[in-house]
Amino acid sequence: MRTRTLGTGGPQVAPLALGCAGMSDQTAPADEAAAIATIHAALAGGVTLLDTADFYGMGHNEDLIRRALRDGDREKALLSVKFGALRSPDGAFVGIEGRPAHVKNALAYSLRRLGTDHVDIYRPSRLDPDTPIEDTIGAISELAQAGYVRHIGLSEVGPQTIRRAHAVHPIRDVQIEYSLFSRDPETNGILDTCRELGIGVTAYGVLAHGLLSGTYQQPAGGDPRAHWLPRFHPDNLATNLTVADRLMPLAEARGISVAQLATAWVIAQSRERGTIVAILGARRPHRVEEALAAADVTLTDADLRAIDEAIPTDAVAGTRYAAPLMALLDSERGPTPSESTGN
């Protein structure tokens with residue numbers, strides 16, 4: 001599996017990263033033994049970039065990763081950590097914080113939970129509307145100068161914010177939802193801006209939260225995610241599953257699964273759109289094995305055209321998040337008037 005540079009001057013990474021959020025899922029008991037085995041399987045397969053956040057399981061995820069890496073595996077792993085999402089004791093999200101004092105405090109706690117003296121990529125999880133991005137990135141830059149942070153990333157921000165942040169300190173990657181079901185980054189300037197500035201992209205949601213897994217089964221009582229993921233709402237779900245089914249004959253023709261085809265499609269976008277790494281959300285080692293096989297799939301131009309024809313950008317029903325969550329995404333606000341006029 002060939003590695004690639006994550007942004008100009010960034011670390012060498014595989015075309016896959018391991019997203020660890022599901023290992024600390026608050027809706028179901030975590031199988032910690034399986035999660036740790038999954039991290040070990042990823043590292044053994046050459047997947048070194050581990051994506052976490054201080055609010056995943058409210059610290060549980062970072063502690064889990066520390067235990068997975070305690071036997072000398074820390075040097076093999078690249079830790080990408082998000083911060084800034086505030087939670088109450090009942091797990092509810094209650095705000096976004098990007099003030100410099102919070103940045104430094106949050107990293108101090110993350111370093112302790114992770115059992116390390118540095119993180120490889122540190123990034124705000126969302127844009128704090130009350131704190132200039134220059135202040136947030138400036139604080140991380142100070143931490144980088146002190147050796148606590150190796151690289152700086154962003155998450156779910158639009159082109160103007162990317163440019164402002166990059167002017168303060170080189171940004172290595174922008175984390176954004178990007179899949180066959182979420183292709184807005186192609187048209188809203190995010191991918192183009194990253195390519196222009198030499199910034200990598202780490203794409204999450206590559207299987208559309210399970211809709212592109214090829215194995216999704218609708219729960220009898222409805223999917224509890226429907227209230228915050230409209231694509232799972234009964235009004236949209238049947239349409240979206242029908243659209244996803246269009247990938248089955250294409251996957252079967254290649255002798256791979258729908259999930260592997262969808263993952264390979266994201267990885268293949270690096271050819272023309274700059275460095276893109278697909279974040280795999282997995283809690284079991286066999287999911288890592290399936291994804292590693294997908295990373296070895298080479299899609300031809302004809303394959304890519306067939307996939308685009310099967311799933312046009314306007315075929316998906318529903319927005320990717322409910323309205324209150326969409327309002328928190330700087331990446332979804334569209335260009336400012338000055339950007340649209342070129343002034």
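Me: What volume does the largest cavity have?

Reply: The largest cavity has a volume of about 50 Å³. Bear in mind that this is a predicted model, where local features need pLDDT of at least 70 and side-chain atom pairs count only at pLDDT 80 or more, while totals for chains, interfaces and linings use all residues. Residues are numbered from 1 along each chain as its sequence is written, and side-chain values use heavy atoms, with hydrogens and water left out.

Me: Ok, what's a cavity here?

Reply: On a 1 Å grid over the protein atoms alone, a cavity is a set of points where a 1.4 Å probe fits but cannot get out. A pocket is an open set with protein on both sides within 12 Å along at least five of seven lines, and lining residues have an atom within 4 Å of a point. Grid points are joined across faces, edges and corners, and the volume is the space filled by probe spheres set on the points.

Me: Which residues line the largest cavity?

Reply: Its lining is Glu177, Ala208, His209, Leu229, Pro230, Arg231, Phe232, Thr319 and Arg320. They divide into 4 nonpolar, 2 polar and 3 charged. For those classes, Ala, Val, Leu, Ile, Met, Phe, Trp, Tyr, Cys and Pro count as nonpolar, Asp, Glu, Lys and Arg as charged, and the others, Gly among them, as polar.

Me: How many cavities of 30 Å³ or more are there?

Reply: There are 2 cavities of 30 Å³ or more. The second largest cavity has a volume of about 30 Å³, and the residues lining the second largest cavity include Ile96, Pro124, Arg126 and Asp128.

Me: And the second largest pocket, what lines that one?

Reply: The second largest pocket has 16 lining residues, and Arg4, Ile267, Ala295, Val297 and Thr298 lie nearest its centre. The volume of the second largest pocket is about 360 Å³. By class, its lining has 9 nonpolar, 3 polar and 4 charged residues.

Me: Which helix gives the most to that lining?

Reply: Helix 9 does, with 3 residues. Helix 9 (258–268), helix 10 (270–273) and helix 11 (285–295) each supply at least two residues. Helices here are DSSP runs (H or I, at least four residues), strands are too (E, at least two), and both are numbered from the N terminus.

Me: Switching topic: how many strands are in the barrel?

Reply: The closed barrel has 8 strands, running 3-4-5-8-9-10-11-12 with parallel pairing. From one strand to the next, the twist averages 30°. Axes are lines fitted to C-alpha atoms, for helices over the stretch in contact, and angles run from 0 to 180 degrees between N-to-C directions. Two strands pair if DSSP finds at least two bridges between them.

Me: Is strand 11 buried or exposed?

Reply: Strand 11 (residues 200–204) has 5 of its 5 residues buried, so it is largely enclosed by the rest of the structure. Buried means under 20% relative accessible area, exposed over 50%, and partly exposed in between (1.4 Å probe, protein chains only). Gly200, Thr202 and Tyr204 point one way from the strand, while Val201 and Ala203 point the other way.

Me: What about helix 12, which of its residues are buried?

Reply: In helix 12 (residues 301–310), the buried ones are Asp303, Leu304, Ile307 and Ala310. They cover an arc of only 125° around the axis, which puts them on the same side of helix 12. That arc is taken from the directions from the helix axis to the C-beta atoms. The face turned away from the buried side carries the exposed residues Asp301, Arg305 and Glu309.

Me: Last one: which loop holds Glu156?

Reply: Glu156 is in the loop between strand 9 (149–155) and helix 5 (159–168). Its phi is near 50°, a positive value in a residue other than glycine. At 0% relative accessibility, Glu156 counts as buried. Met58 also has a positive phi, about 50°, although it is not a glycine, but at 39% relative accessibility Met58 counts as partly exposed.
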